[in-house]
Amino acid sequence: LPHAHTAKMHTALRAALLLSVAVVVVLAQDPPCATCQPGIDDASRIEAVAGLRGSVEIVPQYGTCSVTDRNYQVYIHWGDGVVDTQFLGPLLPFQGFHQYLRPAQYNVTAYYCSHPNDCCDVCSFVSELIQVQQ
């Protein structure tokens, strides 16, 4: 009897283990990632603004994306260690400002990304070295 009970337990444990592995495999599959890349229009601007500030204005283009695509994200690296992130949903223009602590040159980079399912950003970017003053 102890051997039969042990065999049933092993069978039950094997079945539970296989089920848990199957669940993990299903959960571990990545959702579909970005298949398009938005563009950035030449009208976009990165510039210093009086009073120790920087300004970013991004005018996006659909690029290889469809007009029905959603889930876009903007990342602004202000050049002083600060990164701003903004989820946009549909393709929309973006404007951001940043207050610097001191006058200096800062390399500012703005990324406009297709961002489906929180994975695999596909981005276009613009960079500009700006001189921030009082």
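Is Tyr-112 buried or exposed, and what is its relative accessible area? Please build the picture of strand β8 (104–114) around that residue.

Author: Two notes on method come first. This is a predicted model, where local features need pLDDT of at least 70, side-chain atom pairs count only at pLDDT 80 or more, and totals for chains, interfaces and linings use all residues. Residues are numbered from 1 along each chain as its sequence is written, and side-chain values use heavy atoms, with hydrogens and water left out.

Tyr-112 is buried, with a relative accessible area of 0%. Buried means under 20% relative accessible area, exposed means over 50%, and partly exposed is in between, with a 1.4 Å probe and protein chains only. Areas come from the Shrake-Rupley method with a 1.4 Å probe; for residues, only the protein chains shown count as cover.

Tyr-112 has an aromatic partner. The ring centres of Tyr-72 and Tyr-112 are 6.0 Å apart and the planes meet at 45 degrees, so this pair is tilted. Rings of Phe, Tyr and Trp (its six-membered ring) pair if their centres lie within 6.5 Å; planes under 30 degrees apart count as stacked, over 60 as edge-to-face and the rest as tilted. Strands (E, at least two residues) and helices (H or I, at least four) are DSSP runs, numbered from the N terminus.

The whole structure holds 3 aromatic pairs. Another of them is Tyr-100 with Tyr-106, a stacked pair at 4.1 Å centre to centre and 20 degrees between the planes. Tyr-100 and Tyr-106 are both buried.

Now the core. Tyr-112 is among the five residues that touch the most other members of the largest nonpolar core; Val-56, Ile-58, Ile-76 and Val-108 are the others. That core has 22 residues. A nonpolar core is a set of buried Ala, Val, Leu, Ile, Met, Phe, Trp, Tyr and Cys residues joined through side-chain atoms within 4.5 Å. Strands β3 (53–58), β5 (72–77), β8 and β9 (122–132) each supply at least two of its residues. Strand β8 gives the most, with 5 residues. This strand is mostly covered: 8 of its 11 residues are buried.

Next, the sheet. Strand β8 sits in an open sheet of 4 strands, ordered β6-β5-β8-β9, with antiparallel pairing. Strands pair if DSSP finds at least two bridges between them. The edges are β6 (83–89) and β9, each pairing on one side only. From one strand to the next the twist averages 15 degrees. Axes here are lines fitted to C-alpha atoms, for helices over the stretch in contact, and angles run from 0 to 180 degrees between N-to-C directions.

Strand β8 has a partner on each side. With β5 the pairing is antiparallel over 6 bridges. Across that pairing, Tyr-75 stands opposite Tyr-111, and Ile-76 stands opposite Ala-110. With β9 the pairing is also antiparallel, and 11 bridges join the two strands. There Asn-107 stands opposite Leu-129.

Asn-107 is worth a stop. This residue of β8 is partly exposed, with a relative accessible area of 45%. Leaving aside neighbours within four places in sequence, its contacts are His-77, Trp-78, Gly-79, Ser-127, Glu-128 and Leu-129. Contact means heavy atoms within 4.5 Å. Asn-107 and Ile-46 are 61 residues apart in sequence, yet their C-alpha atoms are 9.8 Å apart.

Look across to β9. Ile-130 is in that strand and counts as buried at 5% relative accessibility. Not counting residues up to four places away, Ile-130 touches residues including Tyr-100, Ala-104, Gln-105, Tyr-106 and Val-108. Ile-130 and Ser-55 are 75 residues apart in sequence and 9.8 Å apart, C-alpha to C-alpha. Ser-55 lies in β3 and is buried too, at 3% relative accessibility.

Finally, the setting. The protein chain has 1 helix and 9 strands. Buried residues are 31% of its 134 residues. Among contacts between residues at least 6 apart in sequence, 59% join residues at least 24 apart. The accessible surface is about 8,600 Å², and 59% of that belongs to carbon and sulfur atoms.
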